[in-house]
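I opened this structure to get my bearings. These are my notes, in the order I looked things up.

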Amino acid sequence: MVLCVRRVRGTSRPITSLRNTAPRSVPDDRASGTPVTPVNVFNPSPSQTLTTLALAALLSLSSAPASQAVSGGGGMGTSLSYKDFSGQDLSGKNFNKADMRGIDLTNAILENAKMFGALCIDAKFHGANLRNADMETVNLEGADLSDAVLEGAMLTNTQFKKLKSIEGADFTDALIRRDVQKGLCALPTAKGVNPTTGVPTRESLACD
């Protein structure tokens with residue numbers, strides 16, 4: 001008698017039962033002189049071998065570290081913390097809900113990138129191209145946005161606590177809440193002119 005565990009569709013609770021697994025008796029034809037052919041257990045057929053190899057290959061691919069998906073973007077909890085992607089073209093990449101703490105994206109191209117809910121504490125976006133990027137609910141606490149271009153970026157519910165700098169940043173046409181806009185205008189680093197677009201930071205935020 002062995003313990004058999006099976007699952008019922010629609011529920012994750014395993015159901016246990018006892019099942020009689022005594023092996024069936026195999027007729028012995030030795031008395032009649034007819035040889036008995038054993039089941040091939042240790043010598044799988046070629047088709048069985050190919051199937052096993054295919055499954056092993058799929059498992060090895062699925063077990064690759066999440067950080068290796070950077071070339072196609074991160075996302076869904078991917079950890080990219082403290083990685084250096086400065087100067088890289090990451091246009092349209094998916095970083096939704098990625099861990100990007102301390103990441104270096106200096107002068108990186110992130111146009112149309114998807115960063116919804118990403119954790120970007122202390123991230124470096126100096127000079128980055130963030131045009132039309134989806135940065136909704138992104139945590140930018142302590143981040144450096146100096147000289148960054150955020151034209152048309154989605155910044156609703158984005159957290160801007162303790163920003164390192166927004167000097168020279170261009171927020172033209174960025175979607176941002178009025179109260180947040182006022183808070184950014186009050187920062188001592190809300191000054192300067194963006195070196196790429198030539199737009200003053202305070203003008204882009206409609207300050208004063």
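Is Glu111 buried, partly exposed or exposed? I looked up its relative accessible area and found 27%. Buried would need under 20% and exposed over 50%, so Glu111 is partly exposed. I note that the model is a predicted one.

**Around Glu111.** I placed Glu111 in the loop between H1 and H2. Next I listed its contacts, leaving out residues up to four places away in sequence. Glu111 touches Ser91, Gly92, Asn129 and Arg131. I also checked a spacing: Glu111 and Ala128 sit 17 residues apart in sequence, and their C-alpha atoms are 9.0 Å apart in space.

**The whole chain.** I stepped back to the overall layout. The chain has three helices and two strands. Read from the N terminus, the order is β-β-α-α-α. Helix H1 covers 46–62 and helix H2 covers 178–185. I counted 208 residues in the chain, and 33% of them count as buried. The accessible surface comes to about 12900 Å². Carbon and sulfur atoms hold 55% of that surface. I then turned to contacts with a separation of 6 or more. Residues 24 or more positions apart account for 13% of these.

**The core.** Which residues touch the most other members of the largest nonpolar core? I found Met100, Met115, Phe125, Leu130 and Leu140. This core has 40 residues.

**Backbone angles.** I checked phi next. Most residues other than glycine have a negative phi. Tyr82 is not a glycine, yet its phi is positive, about 60 degrees. Thr137 is not a glycine either, and its phi is also positive at about 60 degrees. Where do they lie? Tyr82 is in the loop between helix H1 and helix H2. Thr137 lies in the loop between H1 and H2 as well.

I then looked at how accessible each one is. Tyr82 has 62% relative accessibility. The cut-off for exposed is over 50%, so Tyr82 counts as exposed. Thr137 has 27% relative accessibility. That value falls between the two cut-offs, under 20% and over 50%, so Thr137 counts as partly exposed.

Terms used
Residues numbered from 1 in each chain as written. Predicted model: local features only at pLDDT ≥ 70, side-chain atom pairs only at ≥ 80, totals over all residues. Heavy atoms only, no water. Core = buried A, V, L, I, M, F, W, Y, C linked by side-chain atoms within 4.5 Å. Buried < 20%, exposed > 50% of the residue type's maximum accessible area, 1.4 Å probe, protein only. Helix = DSSP H or I, 4+ residues; strand = E, 2+ residues; numbered from the N terminus. Contact = heavy atoms within 4.5 Å. Areas by Shrake-Rupley, 256 points an atom, 1.4 Å probe, with all protein chains shown as cover.
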